[in-house]
Amino acid sequence: MAVRRFTPEGMLQPTPYEHVAVGTGTRHVHVSGQIARTADGVPLAPGDLAGQVAHSLRATARGLRGAGASFDDVLRLTFYVTDWAPEKIGPFMAGVEEVAEEIGLRVPLPPSSLIGVDHLFEPDVLVEVEATAVLD
């Protein structure tokens, strides 16, 4: 496997993600920000953070599969969430948990960042997910 994830002793625990990922592969895969939309652009889960997280992760999985990768190959995930507030962590994690088994996303997650933003490119988009992976 090209990716090894871990949390060294002395780093913040518990977290729903590993703090470090080491990639030893030679092919890099970058999946651009994925949102909750069908292939023809129809919005999915309007106003529902958990639903949009789930659909965005499904889209990310499709992008990874298209490159011959999976979440096992992911070095890093970046989540952009509109109007972030700490009380949104429950719905956010519910969206992750809803699809984790379905898409092969193991918990703890790969090293991840959750970045609160004022807005994304369209008003109904609540979350966007980017992934970076490495393959042998």
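Student: Is arginine 58 buried or exposed?
Tutor: Arginine 58 is buried, with a relative accessible area of 18%. Here buried means under 20% relative accessible area, exposed over 50%, and partly exposed in between, with a 1.4 Å probe and protein chains only. One caution: this is a predicted model, where local features need pLDDT of at least 70 and side-chain atom pairs count only at pLDDT 80 or more, while totals for chains, interfaces and linings use all residues. Residues are numbered from 1 along each chain as its sequence is written, and side-chain values use heavy atoms, with hydrogens and water left out.

Student: Which side chain does arginine 58 meet in a salt bridge?
Tutor: That is glutamate 98, at 3.8 Å from N to O. A salt bridge here is a side-chain nitrogen of Lys or Arg within 4 Å of a carboxyl oxygen of Asp or Glu. Arginine 58 sits in helix H1 and glutamate 98 in helix H2, so the pair ties together parts that are 40 residues apart in sequence. Glutamate 98 is partly exposed, at 46% relative accessible area.

Student: How many salt bridges are there in the whole structure?
Tutor: The search finds 5. Another of them joins aspartate 72 and arginine 106, 2.9 Å from N to O. Aspartate 72 is in the loop between H1 and S4, and arginine 106 is in the loop between H2 and S5, so this pair ties together parts that are 34 residues apart in sequence. Both count as partly exposed: aspartate 72 at 24% and arginine 106 at 48%.

Student: Which residues do salt bridges with shared partners join into one network?
Tutor: Arg37, Glu122 and Asp124. Within that group, the side chains of aspartate 124 and arginine 37 meet at 2.9 Å, N to O. Aspartate 124 lies in the loop between S5 and strand S6 (127-135), and arginine 37 in the loop between strand S3 (27-34) and H1, so the pair ties together parts that are 87 residues apart in sequence. Arginine 37 is buried at 14%, whereas aspartate 124 is partly exposed at 26%.

Student: Switching to aromatics, how many pairs does the structure hold?
Tutor: It holds 2 aromatic pairs. In one, the rings of phenylalanine 79 and phenylalanine 92 have centres 4.9 Å apart and planes at 85°, so the pair is edge-to-face. For the cut-offs, rings of Phe, Tyr and Trp (its six-membered ring) pair if their centres lie within 6.5 Å; planes under 30 degrees apart count as stacked, over 60 as edge-to-face and the rest as tilted. Phenylalanine 79 belongs to strand S4 (residues 74-82) and phenylalanine 92 to helix H2 (residues 89-103), so the pair ties together parts that are 13 residues apart in sequence.
Tutor: In the other, tryptophan 84 and phenylalanine 92 have ring centres 6.3 Å apart and planes at 85°, so that pair is edge-to-face.

Student: And which residues make up the aromatic cluster?
Tutor: Phe79, Trp84 and Phe92 form one cluster. Phenylalanine 79 is buried at 1% and phenylalanine 92 at 4%, while tryptophan 84 is partly exposed at 28%.

Student: What about H2, what covers its buried residues?
Tutor: The cover includes helix H1 (49-66), S4 and strand S5 (112-117). The buried residues of H2 are Phe92, Met93, Gly95, Val96, Val99, Ala100 and Ile103. Just after H2, glycine 104 takes a positive phi of about 75°.

Student: Which residues touch the most other members of the largest nonpolar core?
Tutor: Of its 28 residues, they are Leu57, Leu64, Phe71, Leu77, Phe92, Val96 and Leu105. A nonpolar core is a set of buried Ala, Val, Leu, Ile, Met, Phe, Trp, Tyr and Cys residues joined through side-chain atoms within 4.5 Å. S3, H1, S4, H2 and S6 each give two or more residues to this core.

Student: Last one, what pattern does the chain follow along the sequence?
Tutor: The pattern is β-β-β-α-β-α-β-β, from 2 helices and 6 strands. Those are DSSP runs numbered from the N terminus: helices (H or I) of at least four residues and strands (E) of at least two.

Conventions: Contact = heavy atoms within 4.5 Å.
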